[in-house]
Amino acid sequence: QAEGGSALDRAVGAYQSGLALARKLNLGSRVARSLTNMSDVLMQQEKIPEALEMVQEAMKIKKKLFPRVHREITVGLRRMSEIQFANSNLEQAVATLREAIGISEELYGEKKDRTSILGVMWYRLAEFYDAIGGQGSEALACAERALQIRENAQDLRHLDKSREQVERLKI
């Protein structure tokens with residue numbers, strides 16, 4: 001455990017060094033990526049408030065650099081929703097993930113019904129609704145949407161997980 005902790009501490013230190021250099025060179029997308037990566041490490045260390053702060057700062061930068069409909073925006077929103085969920089801010093996590101799904105559907109257009117990452121997002125949204133409780137019909141609708149996308153995408157790695165989720169939520 002001590003070794004893992006020190007490895008994570010070294011990772012944070014490395015990201016902080018990279019972050020300082022990227023800021024000095026005014027490389028906005030690199031700054032955002034470093035902040036996002038640091039949020040991952042902080043989540044592993046269970047430092048949820050710090051992780052949320054990092055990803056929020058990354059999103060401020062991303063929203064200045066990229067158009068609203070851009071993959072980097074959806075990546076940041078997905079990451080933020082996971083941190084919000086871990087922080088027991090379930091309703092906010094749902095709203096954030098729904099925003100990411102909306103942007104992704106706009107981004108992928110006609111391909112949205114067979115894009116694996118959308119299957120992942122709908123699957124997680126079903127889990128979020130299930131965790132809130134009293135949202136069974138919403139959870140089931142999201143799980144069914146994830147299953148439909150995964151079938152269309154022929155996402156064989158995740159198809160069984162989606163089928164199990166739908167069956168579990170029907171009960």
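D160 is partly exposed, at 48% relative accessibility. This is a predicted model. The side chain of D160 meets that of R163 in a salt bridge, 3.6 Å from N to O. Both residues sit in helix α8, three residues apart, so about one helical turn separates them.

R163 is partly exposed too, with a relative accessibility of 38%.

E151 belongs to helix α7 and R163 to helix α8 (residues 156–170), twelve residues apart. E151 is partly exposed, with a relative accessible area of 39%.

R145 pairs with E105 in a salt bridge, with 3.8 Å between the closest N and O atoms. R145 lies in helix α7 (residues 136–152) and E105 in helix α5 (residues 90–108), so the bridge ties together parts 40 residues apart in sequence. R145 is buried, at 16% relative accessible area.

The structure holds twelve salt bridges. R33, K62 and E72 are linked in a salt-bridge network.

## Helices α3 and α4

Helix α3 spans residues 48–65 and helix α4 residues 71–86. Their axes come within 10 Å and cross at roughly 160°. The two helices are therefore roughly antiparallel. The crossing is left-handed.

Residues of α3 in the contact include I48, L52, V55 and M59. On the α4 side, I73, V75, L77 and I83 are among them. By class, the contact has eleven nonpolar, three polar and four charged residues.

Conventions: Residues numbered from 1 in each chain as written. Predicted model: local features only at pLDDT ≥ 70, side-chain atom pairs only at ≥ 80, totals over all residues. Heavy atoms only, no water. Axes fitted to C-alpha atoms, helices over the stretch in contact; angles between N-to-C directions. Helix = DSSP H or I, 4+ residues; strand = E, 2+ residues; numbered from the N terminus. Parallel < 35°, antiparallel > 145°, perpendicular 65-115°, else oblique. Left-handed = near helix turned anticlockwise from the far one by under 90°. Contact = heavy atoms within 4.5 Å. Nonpolar A, V, L, I, M, F, W, Y, C, P; charged D, E, K, R; others polar. Salt bridge = Lys/Arg side-chain N within 4 Å of Asp/Glu carboxyl O. Buried < 20%, exposed > 50% of the residue type's maximum accessible area, 1.4 Å probe, protein only.
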